[in-house]
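This report goes through a handful of residues, one site at a time. Please have the sequence and the structure open while reading.

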Amino acid sequence: MNLFNVYPLFDITPIKAEDVFVFDENNTRYLDLYGGHAVISIGHSHPKYVKNISEQVAKLGFYSNSIQNPLQVELANKLGKLSGCKDYQLFLCNSGAEANENALKLASFYNGKKKIVAFKNGFHGRTSAAVAATDNAKIIAPINAQQEVEILELGDLIALEKALVKNDVCAVIIECIQGVGGLDESTAEFYIGIEALCKKYNACFIADEVQSGFGRTGDFFAFQKYNVTPDIISIAKGMGNGFPIGGILIHPNIKASFGLLGTTFGGNHLACVASSTVLEVIEDEKLMQNVKEISAYFIERAKEISAIKNIKGRGLMLGLEFDFPIAELRKKLIFTHKIFTGSAKNPNLLRILPPLTIKKEHVDLFFEALKSEL
């Protein structure tokens, strides 16, 4: 049997990794400034992470959500404390797309409406309603296009109110910093305006924190910079440091009932231990503070390079914009300098999403390589 060929692959085969480095079958070392799409939060193969998951799988790896699982309660308590979202409720699933599907479904249950409002260059997943709310026609199949979705310009509150006044919108979903779309971020006025308009017209405000959550921006969540209160917050990538886990944080105004949402694998014992360990390491190693310090250093280094036309994003969710397509530069960084970086919908943007454990010396390695290529 062959693999279904949907991924254009670089000819690199990682076999092990440690902190910010990945090693291939020839023991060649690569600096990981992409974290596997912002997934690696506490560094590859963190010893506490490896220990805790190994000990848990030796005891109990999985059982269904029809029994008590104290690890879910423990994770919810740790997440509430570190994120500052103590009053929210947690529903666990397996991925970012699934988190957004559950968020949109719950919003529709809550207010009885079915239309979604999303924003240009947004990305919310590859399934059902989540992909319909994604601004990329190439990945929306006809079956997905049945969803009622309106895509608006980022920052346009007038257009948003025009969409909401029809009273058929169940949810407004937004990444406060866009990931795949290219690190665009609007103004405080806009995010505050979304919250106010959603309240006015009884629509749910969904903050998609799948990529930006778990400390990546220097705040626990990207929306927290703007002092807004989403109805639902979707989470995934950095949540498990590579173990598949996702979830939604649900405002207490939205009430649970038996059977409203469900999952087989979501919140399993291994996933809970993985995410609890991530939270412990973020707190114990002061990684959100490290994000702020390294981000400031990275931005200062970037300002030294005249070829960089724009520095986008926050924390360790950054983009370097050039006035030329970066595809060849990215290949040179990988194959000549052994550095992983990312691309975006914007062809001129190099994305930087390293583990939150990165140090200044690693930033220096990147800029030495970048200068030599430019």
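Does alanine 307 count as buried, partly exposed or exposed, and at what relative accessibility? The answer is given under the first heading, and the model it refers to is predicted.

## Alanine 307

Alanine 307 counts as partly exposed, because its relative accessibility is 21% and the buried class covers values under 20%. The residue sits in a loop, with helix H9 (287–303) on one side and strand S11 (310–314) on the other.

Neighbours within four places in sequence aside, alanine 307 is in contact with Glu321, Phe322 and Leu374. For phenylalanine 322, the separation from alanine 307 is 15 residues in sequence, while the C-alpha to C-alpha distance is 6.3 Å.

## Arginine 351

Strand S14, residues 349–352, contains arginine 351. This arginine is buried and yet has no salt bridge. Glutamate 175 is the nearest side chain of opposite charge, at 7.3 Å; a salt bridge needs a side-chain nitrogen within 4 Å of a carboxyl oxygen.

What does the side chain of arginine 351 have as a polar contact, and at what distance? The side chain of tyrosine 34 makes a polar contact of 3.0 Å with the arginine 351 side chain.

## Two residues with positive phi

Asparagine 27 is not a glycine, but its phi is positive, at about 65°. Its place is the loop that runs between strand S2 (21–24) and strand S3 (29–32). Asparagine 27 counts as partly exposed because its relative accessibility is 47%.

Phenylalanine 214, also not a glycine, has a positive phi of about 60°. The loop that holds phenylalanine 214 lies between strand S8 (204–208) and strand S9 (232–235). Is phenylalanine 214 buried or exposed? Its relative accessible area is 2%, so phenylalanine 214 is buried.

Phe4, Val6, Tyr7 and Leu9 make a nonpolar surface patch of about 570 Å². One of these residues, tyrosine 7, is placed in the segment before strand S1 (14–18). Tyrosine 7 has 62% relative accessibility and therefore counts as exposed.

Definitions and conventions
Residues are numbered from 1 along each chain as its sequence is written. This is a predicted model: local features need pLDDT of at least 70, side-chain atom pairs count only at pLDDT 80 or more; totals for chains, interfaces and linings use all residues. Side-chain values use heavy atoms; hydrogens and water are left out. Patches are made of residues with over 30% relative accessible area and no salt bridge: like charges are joined within 9 Å, nonpolar side chains (Val, Leu, Ile, Met, Phe, Trp, Tyr) within 5 Å. Accessible areas come from the Shrake-Rupley method with a 1.4 Å probe; for residues, only the protein chains shown count as cover. Helices (H or I, at least four residues) and strands (E, at least two) are DSSP runs, numbered from the N terminus. Buried means under 20% relative accessible area, exposed over 50%, partly exposed in between (1.4 Å probe, protein chains only). Lys and Arg count as positive and Asp and Glu as negative; His and the chain ends are not counted. A polar contact is a pair of N or O atoms within 3.5 Å; within protein, one must be able to donate a hydrogen and the other to accept it, and residues adjacent in sequence count only if both atoms are side-chain atoms. Contact means heavy atoms within 4.5 Å.
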